[in-house]
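This note sets out, point by point, what may be read from the structure shown below. Please keep the structure at hand while reading.

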Amino acid sequence: MAQHPVIISGAGPVGLVAALSLAQKGIDVVLLEGESHIPEDLRAGTFHPPTVEMLDTLGIGETLRSRAVQVPEWQIRDRKTGLVAQFDLGLIADLTPYPFRLHVEQHKLSNIAYQALQQHTNAKVMYRHRCTGYTQDADGVTVTFDGPDGAGEIRGSYLIGADGARSVVRKTMGTEFEGFTWPERFLVFATPYDLRQQGYTGNAYIADPDEWTAIFIQPHDGNGIWRIAFPIKGDAEDAEVLQPESVQGKIKGFLSPEIDYDIPYKSVYRVHQRVAKNFRDQRVFIAGDAAHVNNPLGGMGLNSGIHDAINLADKIAQVMQNGADDDVLTRYERQRRTVNVEYVQAITIRNKRLLEERDPEVRKERLDEMRATAKDKDAHRQFLINSSMIASVRRANEIA
Ligand SMILES: Cc1cc2nc3c(=O)[nH]c(=O)nc-3n(C[C@H](O)[C@H](O)[C@H](O)COP(=O)(O)OP(=O)(O)OC[C@H]3O[C@@H](n4cnc5c(N)ncnc54)[C@H](O)[C@@H]3O)c2cc1C
């Protein structure tokens, strides 16, 4: 069979990591990206220990760490009564060289992966080329695109759809995106005001039946900028929610009402919990947000996408270079879809329910459980193994 390149649709962090892994293995790769550059908006910004270890295998972990803030401890708090539980990743230092959450904007990873990709003559990134669909046969896949010179097509051995939540590749596959959309939107904004002054660690989740909050620090000017997320209920227009006085109202209600906070960034977005029914259609695969989306409470979306990319690139290499049986590729779907449902969806939904619980008894019971977990060394360790995604990677490895 003629060997064509692997085509990847989407140069987000997942597409770029998959491309880098394939190129490093000596496989030709063509990356189609609809935009003219790597998007630099503020999105995911938490990397869990197994992800950092995977990025090390590509030789880019150290550069990412040098641009990031390490957060070894994170908290669950109650908006009215304060600290409920503090989790310390130092307790799993025997399981990973990186016992912390690594906080850094996802576009920094994208840029680092893109720079590393430039070293490989077998990798080609085509900006302003938007994938519009595909057809396939026994010998390969034909991917169609719209580019600056009009419509075109390219032939590949395999196609990876890493083209985000609205994936054209997933839609062309025709697989269902199963799950639901949360009724409320999420408002996210950033402030340089240092929340450590008020006893917060670099990452905290604050439970409240009316207005839960999640905070996490990102690197900025050698000091840090704090991203804060709130739920937005009701049907106010996005523009209204983003009015300066509305955003100041949120932060003043949560911190000190006397201070006027500097808010250099703000956005509002809809949040979904969905997993595609299939991750594979013969020579075509989906990975990252194209395959699954979840709420950001726990920082698992992008991490699981990177786990997909590394897993899939290894398997494509096994088939293209070592003549492994085609079932290896279906194992990608079995492993990655299963752990997304069992871990990423389950944990992020549970995290949100914990923060927003309205029933006072259930709420007390859940927060007491968190307190007890943090106090018991074994339970604390097990909780960290799950929340740091070590358990999901172990579970995937067990799936034949
Ligand atoms: C506003 C917002 C805030 C978020 N905040 C958080 C957060 O705080 N924490 C968290 O864990 N996660 C967050 N996420 C989710 C996180 O950003 C994603 O999990 C992550 O970006 C997934 O990476 P990806 O590479 O799979 O997809 P994306 O980052 O979406 O990248 C897809 C790429 O494909 C390109 N593309 C799309 N269609 C085509 C096409 N047809 N042809 C070619 N290229 C195409 C896009 O331009 C883009 O570059 C947020 C998402 C959004 C939208």
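1. A residue is called buried when its relative accessible area is under 20%, exposed when that area is over 50%, and partly exposed in between. Met389 has a relative accessibility of 1%, and therefore counts as buried. The model under discussion is a predicted one.

2. Met389 also deserves attention for its backbone. Its phi is near 70 degrees, a positive value in a residue other than glycine. The residue is placed in the loop between α11 and α12, just after the end of α11.

3. Arg128 belongs to the loop between β8 (123-127) and β9. Is Arg128 buried, exposed or partly exposed? Its relative accessibility is 48%, so Arg128 counts as partly exposed.

4. The buried residues of α11 are His380, Leu384, Ile385 and Ser387. Which elements do the buried residues of α11 pack against? They pack against the strands β5 (73-78), β6 (82-88) and β7 (101-103), and against the helices α10 (360-375) and α12 (390-398).

5. The ligand is the next subject. Of the 28 residues around it, Val14, Glu33, Gln106, Cys131 and Asp289 come nearest. The residues of this shell divide into 12 nonpolar, 10 polar and 6 charged.

6. A nitrogen atom of the ligand is 3.4 Å from an N or O atom in the side chain of Ser9. One oxygen atom of the ligand lies 3.0 Å from a polar backbone atom of Val14. A polar side-chain atom of Arg43 is 3.2 Å from an oxygen atom of the ligand. On its own the ligand has 1,000 Å² of accessible area, and the protein covers 85% of this. Two or more residues of the shell come from each of α1 (13-24), β2 (29-33), β9 (130-136) and α8 (301-322).

7. The protein as a whole contains 12 helices and 20 strands. A compact globule of 400 residues would have a radius of gyration near 21 Å, and the protein has 21 Å, so the two agree. Along the principal axes, the C-alpha atoms fill a box of roughly 65 × 45 × 40 Å.

8. Buried residues make up 57% of the 400 residues. Among contacts with a separation of 6 or more, 73% join residues 24 or more positions apart. The protein exposes about 16,700 Å², of which carbon and sulfur atoms supply 47%.

Methods
Residues numbered from 1 in each chain as written. Predicted model: local features only at pLDDT ≥ 70, side-chain atom pairs only at ≥ 80, totals over all residues. Heavy atoms only, no water. Near = heavy atom within 4 Å. Polar contact = N/O pair within 3.5 Å; in protein donor to acceptor, adjacent residues only side chain to side chain. Areas by Shrake-Rupley, 256 points an atom, 1.4 Å probe, with all protein chains shown as cover. Helix = DSSP H or I, 4+ residues; strand = E, 2+ residues; numbered from the N terminus. Nonpolar A, V, L, I, M, F, W, Y, C, P; charged D, E, K, R; others polar. Rg over C-alpha atoms; globule rule 2.2 N^0.38 Å. Buried < 20%, exposed > 50% of the residue type's maximum accessible area, 1.4 Å probe, protein only. Contact = heavy atoms within 4.5 Å.
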